Amino acid sequence: MQSFKQSKKLLYFSLKREKIKLLFWLTGCLSFVLIGIIAFVFIYDDPIDRQAMVGAMSNPAMEALFGKVIGIDNYTIGAMYSHTMTVMTLSLISISAILLVVRNTRLEEEEGMIEVFRALPTGKLAHTTSAMTLLAIYNIILAVLSTIILIAFGDNSMDVNGAVLTGVIYGLVGIFYGSVALLFSQLSSSSRNATMYSLLFLGLTYLMRIIGDTGIEWLSWMSPLGLLYRTKPFVTNDWMPVLLILIGTFLFISIAFVLQNYRDLGSGLLPSKAGNRSASKLLKTVPGLALNLLKTPLLIWTLSLIVLGVTYGSVMGDLETLIAGNEVIGKIIENNPEQNIVKQFIAIILGLLSIATVIPVVQILMKLYSEEKKGRSVYLLVGKHSRNYVLGVFVALSFLSSLLLQTAQVTTFALAVMTTQVKGVVFTDILLSGLAYLPALWTMIGLVVLLFGWLPRMIFSTWILLGFSFVILYFSNLFDIPEWLKGISPFYHVPDVLAGEMGFISLFVLLILGILFSFIGFIGFIGFNKRDSIT
């Protein structure tokens, strides 16, 4: 029991330090659940519309994205929610759990915090125990609140048993993938590798679920995501997969705790890759250092965005069957009878894909913030490099990444749409429509630079604007939102090229957005030169 001494006090410390981040993640995950259930209840209240969805969703592309259709004979709101939301929500919660565990174990070990704790009368496993307890508390709260939301906002097809089961699998998947992250934290030599291996494991299990649902079924049973999907809340309410995941979670946590006793502080059990005797000429430069820090997440994001583009593009062939006759969807896309309904829907999808591209682009600048917060960027600034140069390198990299990522994603999306042989849609129109979002992306970059320069501790508020932009893009036509409020979102001003809006006014708006980005960025540079380091 001495190994767990002072676990409770360390838990209080972790709760105090993590409360804001946990609140943001909790709000994001619960908002995803809330928006999903409200959208289904509001949009697909007609059984005829839901039954039409069954045919459209019963194809390999849709099964790869959501899973096999469940409740085919009686496709209720509950069955529809369980079918289309389960895998996506489980993946989102898993990512939050992985980041939480690595941040509170391996990363704190790198920063020297655990060494300080070990110098005090605390047990060897106390810090790890507090981190896993924090993970459990977070996921239990998430499970309970998700259950309440489903009961409160669902219809009569969503019984209490199904709502409780949904909440349980939401909470359990976070604890499971958190235990996976804890295991990789013992094996890896750094928090960066632990995060990468954990996310790769999540990606592998997601891929196994796709292959299993579209062909080799036993692979889906081997995947935790596929296994939990087979609980089928609101349809069969099968609790057996929950028991299997609980066993797996207990096994991973037990192995991780045992391995922690066999490794030295600050090292991993897996051998580290031998490095070079001396740094390359590129690494000795600020651009080379920035690329070295960001190459892995940028590669992962590039592949993820390409897969996202291909996935959404491949389902456009069934789109008319999917949305034809649904009045609410017609309002969402601002259905104009004079225009191709598929083109109008593609415009919405391009906006959503562009919002996804903002995430890695903004993270490039946030990396500079995290390096400054950890006291590492000072080593660049005390040398011959000016603040303007260091910040300029990261801004240039963010700008270049926005161009490359958006082009890659939109191109793959357009190619996937072309393979579905949708009538009246041209490849170049889709490409230009997607690239028209670049000024909006650059405006977001400018905002981050502004906050970094003057209010660095508020830099994470960028995610609030990004979430607001998503709501405006997807729901602005459904609700009576004032024009001035819509105008806060940079993405609201992007012209719809597919609808032929690329005229003088649209070009003028794009020019204004470009000037706005330059002006905001310039102010941020001034602030960075005037303020002290945040450390």
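User: What does Thr166 touch, not counting residues up to four places away in sequence?

Analyst: Thr166 touches Tyr81, Leu150, Pro233 and Phe234 when residues up to four places away in sequence are not counted. Please note that this is a predicted model.

User: Where is Thr166 found, and is it buried or exposed?

Analyst: Thr166 is found in helix 8, residues 160–187. Its relative accessibility is 3%, so Thr166 counts as buried, the cut-off being under 20%.

User: Phe234 was on that contact list. Where is its place?

Analyst: Phe234 sits in the loop between helix 11 (224–229) and helix 12. Phe234 counts as buried at 8% relative accessibility. Its backbone also deserves a remark: Phe234 has a positive phi of about 70° although it is not a glycine.

User: What about Asn237, which is found in a loop as well?

Analyst: Asn237 is in the loop between helix 11 and helix 12. Asn237 has a positive phi of about 50°, and it is not a glycine either. With a relative accessibility of 15%, Asn237 counts as buried.

User: Let us step back. How many helices and strands are there in the protein?

Analyst: The protein has 23 helices and 0 strands.

User: And the overall dimensions?

Analyst: The C-alpha atoms fill a box of roughly 70 × 60 × 40 Å along the principal axes. The radius of gyration is 24 Å, which agrees with the value near 24 Å for a compact globule of 535 residues.

User: What share of the residues is buried?

Analyst: Buried residues make up 50% of the 535 residues. The accessible surface comes to about 24,800 Å², and 68% of that surface belongs to carbon and sulfur atoms.

User: How much of the contact total comes from residues 24 or more positions apart?

Analyst: Such residues account for 78% of the contacts in the protein with a separation of 6 or more.

User: Changing topic: aromatics. How many aromatic pairs does a search of the whole structure find?

Analyst: The search finds 13 aromatic pairs. One of them is formed by Phe4 and Phe257, with 6.4 Å centre to centre and 40° between the planes, and it is tilted.

User: Why is that pair called tilted?

Analyst: The planes of Phe4 and Phe257 are 40° apart. Planes under 30 degrees apart count as stacked and over 60 as edge-to-face, so this pair falls into the remaining class, tilted.

User: Which parts of the chain does the pair link?

Analyst: The pair links distant parts, 253 residues apart: Phe4 is in the segment before helix 1 (7–43), and Phe257 is in helix 12 (residues 240–260). Phe4 is partly exposed at 35% relative accessible area, whereas Phe257 counts as buried at 14%.

User: Which residues do ring pairs link into a cluster?

Analyst: The cluster consists of Phe176, Tyr177, Phe184, Tyr197, Phe201 and Phe252.

User: Which arginines lie over the face of a ring?

Analyst: Arg209 lies over the face of Tyr206, at 5.0 Å from the ring centre. Arg387 is placed over the face of Phe528, at 4.9 Å from the ring centre.

User: Now helix 19. Which of its residues are buried?

Analyst: In helix 19 (residues 427–435), the buried residues are Ile430, Ser433 and Gly434. They cover an arc of only 95° around the axis, and are therefore on the same side of helix 19.

User: What do those residues pack against?

Analyst: The buried residues of helix 19 pack against helix 16 (341–373), helix 18 (387–419) and helix 20 (438–454).

User: Finally, where does Ala436 lie, and how far is it from Glu108?

Analyst: Ala436 lies in the loop between helix 19 and helix 20, and is buried with a relative accessible area of 5%. The C-alpha atoms of Ala436 and Glu108 are separated by 42 Å, the two residues being 328 residues apart along the chain.

Methods: Residues are numbered from 1 along each chain as its sequence is written. This is a predicted model: local features need pLDDT of at least 70, side-chain atom pairs count only at pLDDT 80 or more; totals for chains, interfaces and linings use all residues. Side-chain values use heavy atoms; hydrogens and water are left out. Rings of Phe, Tyr and Trp (its six-membered ring) pair if their centres lie within 6.5 Å; planes under 30 degrees apart count as stacked, over 60 as edge-to-face and the rest as tilted. Helices (H or I, at least four residues) and strands (E, at least two) are DSSP runs, numbered from the N terminus. Buried means under 20% relative accessible area, exposed over 50%, partly exposed in between (1.4 Å probe, protein chains only). A charge sits over a ring if NZ of Lys or CZ of Arg is within 6 Å of the ring centre and within 35 degrees of the ring normal. The radius of gyration is taken over C-alpha atoms; the globule rule is 2.2 Å times the number of residues to the power 0.38. Contact means heavy atoms within 4.5 Å. Accessible areas come from the Shrake-Rupley method with a 1.4 Å probe; for residues, only the protein chains shown count as cover. The arc is that of the directions from the helix axis to the C-beta atoms.
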